[in-house]
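The report below goes through salt bridges, nonpolar cores, helix packing, strands and backbone geometry in turn. Please keep the structure in view while reading.

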Amino acid sequence: MEDSPVQVVLYGEAEGMVKSLQTFPLRDTGSGGWFKQHEYIEKLNMQAILNASAGQEEIVKELLVSHGKIPTLIHELISIEIWKLKVFPILCQLQDFKPKSTFPLYMVIHHEATIINLLETIFYHTDVCESAEELALDLIDYCHRKLTILVSQSSTGETTGQDRMLPKFTEETSSMEELKLQSESLEFDIALKCLSVLRYITDHTDCFPISVTNRLLNTHNLPCLLVELLEHCPWSRRHKGQLQKYENGRWYSVPAEDQMKMTKLDGQAWIALYNLLLRPECQQKYNINSFTKGQLLKLRSFLTEVLVDQLPNLVDLQRFLSHLSVSEPAPPKKELILEQVPEVWDSIIKENSGKWKAVAKHQVKHAFSPSDEDLRSQAQRWAQTYNMDVMETLVPDKPKCGLCGSEAAKRCSRCQSEWYCNRECQVKHWQKHKKSCDLICEAMKKTKEELRVSV
């Protein structure tokens, strides 16, 4: 008999959560209602991953589509992106802001990663892409911004999020400095999930309005951006003389015999290029000038026999590039296109322009300075949301040390939520971990007492 799959939420609970999803004004980020929605999205994300991984009916996807909540998720994704760019830096500079716990702030920072992870899981499906409606343009712009930054950092040799996936904290690192490092470390993973989302959008260009295809090809020239991604390959690196590749949220060393093996991220970039260059509705719209032609022809050196063996459809791309190299591309078919304009970014910026400091101060007062009782209540809910059995199912890889980031085998015996590679790291990290450890332990104790009384 097979083990029953781990369930985060039942169907009725999931439906109630999905129905309640709403957009929040930027100033309400971190409020009680916002945090309740964050917990809902976390649980929906976990359930979506579990269902997709097990090949089960994807109830979260179905509910989000049937209740028209994909645009809501996209709006909230961009809202948090703006919060991180405009409000979070001000919070870090406020000298009188010394929160008892920075965990609520971290949850806001992590919210963006949770939403893009959920979208990556469900955007594989045509009905999800269609249900994005006009906000598909906003999502394309969002993903393009993230990938452009990643390419820029990779091409200039600047240290990117790939080297900060496990920030190195010291005893002198302040809580707010830790938050900034954690925020930066998330950006790399977010950008790579954006690559997957864009690939899924290119799978369904025939389902979108013409303005979506035009934005992918001519406004953002996504094929040329993908060429640069493959050229710099930020998900591959040399570390201490060893080739490492990034996959499933971590770096791993690649044995010599597997170094030519295509990763999922390589595949996403190549499939997106294949779609954008060879799908009929894209070929008719793409304006290939001399610069674009030169960039695309760089792909020929990457299309080795080993690569094509792993993704046979790339033979068609080879033929296309060979033809392109000896001919002038036909001009795109001229059509009258009523260009739609993305709305979310501009509307949030316009609504809060000149008010960023006021928003930050409002949030310090009403969201990020909770009482001890509020912190205990939050810790209790978080302990239930991040149930260890569920988390270990979602993240089967070895946990990382809370101080140095190395693989860890020892868990804090009190709260069971933090990991360490050795006793020395645990001792050094104790002063930073103590507050959250006490809160989690107290919440767990309270939960047990409530259960005992109810029985």
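## Salt bridges

A salt bridge is counted here where a side-chain nitrogen of Lys or Arg lies within 4 Å of a carboxyl oxygen of Asp or Glu. The model is a predicted one, so that local features need pLDDT of at least 70 and side-chain atom pairs count only at pLDDT 80 or more, whereas totals for chains, interfaces and linings use all residues. Residues are numbered from 1 along each chain as its sequence is written, and side-chain values use heavy atoms, with hydrogens and water left out.

Across the whole structure, the search finds 17 salt bridges. One of them joins the side chains of Lys61 and Glu62, at 2.8 Å from N to O. In describing accessibility, buried stands for under 20% relative accessible area, exposed for over 50%, and partly exposed for values in between, computed with a 1.4 Å probe and protein chains only. By these cut-offs Lys61 is buried, at 6% relative accessibility, while Glu62 is partly exposed, at 39%.

## Salt bridges between helices

Helices (H or I, at least four residues) and strands (E, at least two) are taken as DSSP runs and numbered from the N terminus. Glu187 and Lys84 meet through their side chains in a salt bridge of 2.7 Å, N to O. This pair links distant parts of the chain, since Glu187 belongs to helix α8 (residues 175–203) and Lys84 to helix α4 (residues 70–93), 103 residues apart. Glu187 is partly exposed, with a relative accessible area of 25%, whereas Lys84 counts as buried at 10%. Lys84 and Glu187 also belong, with Glu112 and Lys146, to a network of salt bridges.

Another salt bridge is formed by the side chains of Glu120 and Lys193, at 3.4 Å from N to O. It too links distant parts of the chain, with Glu120 in helix α5 (residues 103–122) and Lys193 in helix α8, 73 residues apart. Both Glu120 and Lys193 are buried.

## Nonpolar cores

A nonpolar core is defined as a set of buried Ala, Val, Leu, Ile, Met, Phe, Trp, Tyr and Cys residues joined through side-chain atoms within 4.5 Å. In soluble globular proteins, nonpolar side chains tend to be buried together. The largest core of this model has 117 residues, of which Trp83, Leu91, Phe123, Leu139, Trp235 and Trp270 touch the most other members. A second, separate core of 6 residues includes Cys401, Leu403, Tyr420 and Cys425.

## Packing of α4 against α17

With contact meaning heavy atoms within 4.5 Å, and residues up to four places away in sequence not counted, Leu91 touches Trp83, Phe97, Leu105, Met176, Ala360, Gln363, Val364 and Phe368. Leu91 also takes part in a helix contact, in which Ile82, Trp83, Lys86, Val87, Ile90 and Leu91 of α4 meet Trp356, Lys357, Val359, Ala360, Gln363 and Val364 of α17.

Axes are lines fitted to C-alpha atoms, for helices over the stretch in contact, and angles run from 0 to 180 degrees between N-to-C directions. On that basis α4 and helix α17 (residues 356–366) pack at an angle of about 70 degrees, with their axes 9 Å apart. Angles under 35 degrees count as roughly parallel, over 145 as roughly antiparallel, 65 to 115 as roughly perpendicular and the rest as oblique; α4 and α17 are therefore roughly perpendicular to each other.

Two strands are said to pair if DSSP finds at least two bridges between them. An open sheet of 3 strands has the order β1-β2-β3, and its pairing is antiparallel. The edge strands, β1 (236–239) and β3, each pair on one side only. Neighbouring strands of this sheet are turned by 35 degrees against each other on average, direction ignored.

Strand β2 (residues 242–247) runs antiparallel to strand β3 (residues 250–253), and 4 bridges join them. In β3, Tyr252 is the bridge partner of Lys245, and Trp251 that of Tyr246.

## Positive phi angles

The hairpin of β2 and β3 has 2 residues between the strands, and Asn248 in this hairpin takes a positive phi near 55 degrees. Lys240, although not a glycine, has a positive phi of about 55 degrees; it lies in the loop between β1 and β2 and is exposed, at 80% relative accessibility.

Asn221 is not a glycine either, and has a positive phi of about 45 degrees. Asn221 is found in the loop between α9 (210–219) and α10 (222–232), where it is buried, with a relative accessible area of 18%.
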